[in-house]
Each structure stands twice: as structure tokens, then as C-alpha cells.
Amino acid sequence: MNRIPLLAGLALVGAVAVSALFLWPSPDRISETDAFAAPGLEPMTIEEARVEFWRLTPALLLVVYDAFGLTEEDAIYDTLASVTDGDALEYLYLERVGAMAGGGLEEADQTIHEIKLLNTQVTRDGAALAIDASWQVVGTVGHAEHLHVRGNTYSADLLVAPVQGAWRITDFTLLDVNRDEAGETFPAPQTN
């Protein structure tokens, strides 16, 4: 077996990874014109994200809820890691895995229909946005033979910052949850 192509390939991968670390703007080297990816949105500069926080925040939270609807630990982590980082990633991942350990959501049985920001304020802290958010999530949750429409309201302090070229939630402090029903129970559709 000729190991030279394998070693050359590994060296190339290593060189690309190292160069990405040096070329990727660190938080202290981010300029006002750098734009960062956001799920389902055009890339945004820091100021654009501050002005458009009412679009950015639900876009990030929707991916968090998508992760919470998954049941495989690797998929949950990877989905959360696409929109969270650091303490927020650890907190939200442990919340989801803890729910699974308690017997919750053994199969995908939730659908998010809308995330609506309520009383929300944003302040800029360098390249990061401190978002004091409250939002309502409207969706359906299935249990055996019926579905519930839910309209839960959440309140949290979020820190959103550019990390590795994308906007991510880097800190998440849940302040309040109101889990009132926002609809009626109805039979689940028949499946074949």
C-alpha cells in the first residue's frame, strides 16, 4: 500500500484547518463590514443583525426547536451546534438529553408552526447582541392517538454573536416558561 498519497492528503487537510484558524476573523478582528450566515436569512453584518434581531432571533430559535424534535443524540448535538456555541450549546444539549432520559420525546412528535417574538429588547456589546427576549411558540404535540395545539411562552436572556462565520446563540438563560394550551385537542390523522 502506497501511504504517500494518504499522508499528502492528511497534510493538506491539516494545512487547510490551520489556515482557517488564522484567516477566520476572531472577535477582536471582526469589522463592521463582515457579514455572517443565519439560518434561512441572507448573511448579516453586526449592525444589520442588531436592526433585524426580530428576524434573526426566531430563525436561530427555530433550529433549536428542530433539534429538540430529534431523538438521536448525534443529530441533536450537530443541529444545536449549527446555531449555538459554548455555554448555550452545553445547556441546551443537556436539557434535551435530560428530557430523553426522563422518557420524553422517544419519537418525533412535535411540529412548530410559528415562533413570534413578544416583548424583546436588544443591545449591542461589541460584536455580540444581548437580547432580552420573550417569544411564543405555537405548534402541535402528538400523544398516542391525538394532537394538542400548544402556545408556550418563554422568556430568556440570549447572547448572540458571530462564531466561525455564522450567528450563534452563545449564552442562554431561561427566565420563565408559561405552558398554557393555545388550542383544543383533536384526533391524530390516520396513517397507513
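A nonpolar core is a set of buried Ala, Val, Leu, Ile, Met, Phe, Trp, Tyr and Cys residues joined through side-chain atoms within 4.5 Å. Buried means under 20% relative accessible area, exposed over 50% and partly exposed in between, with a 1.4 Å probe and protein chains only. The model is predicted: local features need pLDDT of at least 70, side-chain atom pairs count only at pLDDT 80 or more, and totals for chains, interfaces and linings use all residues. Residues are numbered from 1 along each chain as its sequence is written, and side-chain values use heavy atoms, with hydrogens and water left out.

The largest nonpolar core of the model has 40 residues. L56, W135, W167, I169 and F172 have the most contacts inside it. Helix α3 (residues 53-68) supplies the largest share of this core, 9 residues.

The protein chain contains 5 helices and 8 strands. These are DSSP runs, numbered from the N terminus: helices are H or I of at least four residues, strands E of at least two. From the N terminus on, the order is α-β-β-α-α-α-α-β-β-β-β-β-β. Of the 192 residues, 34% count as buried. Contact means heavy atoms within 4.5 Å. Among contacts with a separation of 6 or more, 54% join residues 24 or more positions apart.

α3 and helix α4 (residues 73-81) pack at about 175 degrees, with their axes 8 Å apart. Axes are lines fitted to C-alpha atoms, for helices over the stretch in contact; angles run from 0 to 180 degrees between N-to-C directions. The two helices, α3 and α4, are therefore roughly antiparallel; the term applies to angles over 145 degrees. V63, V64, A67 and F68 of α3 meet I76, T79 and L80 of α4. The residues of this contact comprise 6 nonpolar, 1 polar and no charged. Ala, Val, Leu, Ile, Met, Phe, Trp, Tyr, Cys and Pro count as nonpolar, Asp, Glu, Lys and Arg as charged, and the others, Gly among them, as polar.

S134 lies in strand β5 (residues 128-143). S134 counts as buried because its relative accessibility is 13%. Neighbours within four places in sequence aside, S134 contacts K116, L117, L118, N119, T120, Y154 and S155. With such neighbours again set aside, the contacts of W135 include L61, Y65, I115 and F172.

Q164 is found in the loop between β6 (146-163) and β7 (166-178). Its phi is near 50 degrees, a positive value in a residue other than glycine. Most residues other than glycine have a negative phi. Q164 counts as exposed, at 60% relative accessibility.

Technical notes
Parallel < 35°, antiparallel > 145°, perpendicular 65-115°, else oblique.
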